[in-house]
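Dear colleague,

Please find the structure below, followed by a short account of what was found in it.

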Amino acid sequence: MTDRDGFDELGDRAEALEDSLGAAAGMAAGFEAELRRIGGTLASTGQDVATLERGLSKGLRRAFDGLAFDGLKLSDALEHIARSMIRSTYSAAVKPVTDHVGGLIARGLGGLLPFADGAPFSQGRVMPFAKGGVVSGPVAFPMRGGTGLMGEAGPEAILPLARGPDG
């Protein structure tokens, strides 16, 4: 075997190793993306659990307040706790469905609204939202002491709130 044959064989092995490393890098990138997705799902689940916990705590607090301050019977307080648990659990279970349906409706109406693409500008001018609108992309806006951000997580509605006589 000549030195040239050895170099050719070494080159072939190097190419095979390069292909192998490329495939491994692709797998690692896919794995990393999946871990990020799982992390986001776990964070969302944690928020849902926290919301459920707050609802259950409020119901329990109201029942104890009723016993201590309003003279409720224990059976009425326990019934209140049960209703509160059912209401909180139902709300937590239905929230993903209502959020999904709301998102579908917003995307469906998005083509009909003037700000379907989240455009805060039209022909280079700032557009007023005095009559409301929809922002579907990240938009920065000035706030006292800093800058606010809306639309960073998807479509957000802007709607004017009328100020009443009580402020």
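Strands β4 and β5 form a hairpin with 2 residues between them, and G145 in the turn has a positive phi of about 85°. Strand β4 covers residues 139-143 and strand β5 residues 146-150; the two pair in the antiparallel sense over 5 bridges. Within this pairing, the bridge partner of F141 is G148 in β5. Two strands are said to pair if DSSP finds at least two bridges between them.

Before going further, please note that this is a predicted model, in which local features need pLDDT of at least 70, side-chain atom pairs count only at pLDDT 80 or more, and totals for chains, interfaces and linings use all residues. Residues are numbered from 1 along each chain as its sequence is written, and side-chain values use heavy atoms, with hydrogens and water left out.

The chain as a whole contains 2 helices and 6 strands, in the order α-α-β-β-β-β-β-β from the N terminus on. Helices (H or I, at least four residues) and strands (E, at least two) are DSSP runs, numbered from the N terminus. Of the 167 residues, 14% count as buried. Buried means under 20% relative accessible area, exposed means over 50%, and partly exposed lies in between (1.4 Å probe, protein chains only).

Helix α2 spans residues 74-110 and includes S84. Is S84 buried or exposed? With a relative accessible area of 4%, S84 is buried. Apart from its neighbours within four places in sequence, S84 is in contact with G55, L56 and G59, where contact means heavy atoms within 4.5 Å. H80 also has its place in helix α2, and is buried because its relative accessible area is 19%. Leaving aside neighbours within four places in sequence, H80 is in contact with G59, R62 and A63.

E53 counts as partly exposed at 45% relative accessibility. The C-alpha atoms of E53 and T89 are 9.5 Å apart in space, while the two residues are 36 apart in sequence.

Lastly, residues 24 or more positions apart account for 23% of the contacts in the chain with a separation of 6 or more.

Yours sincerely
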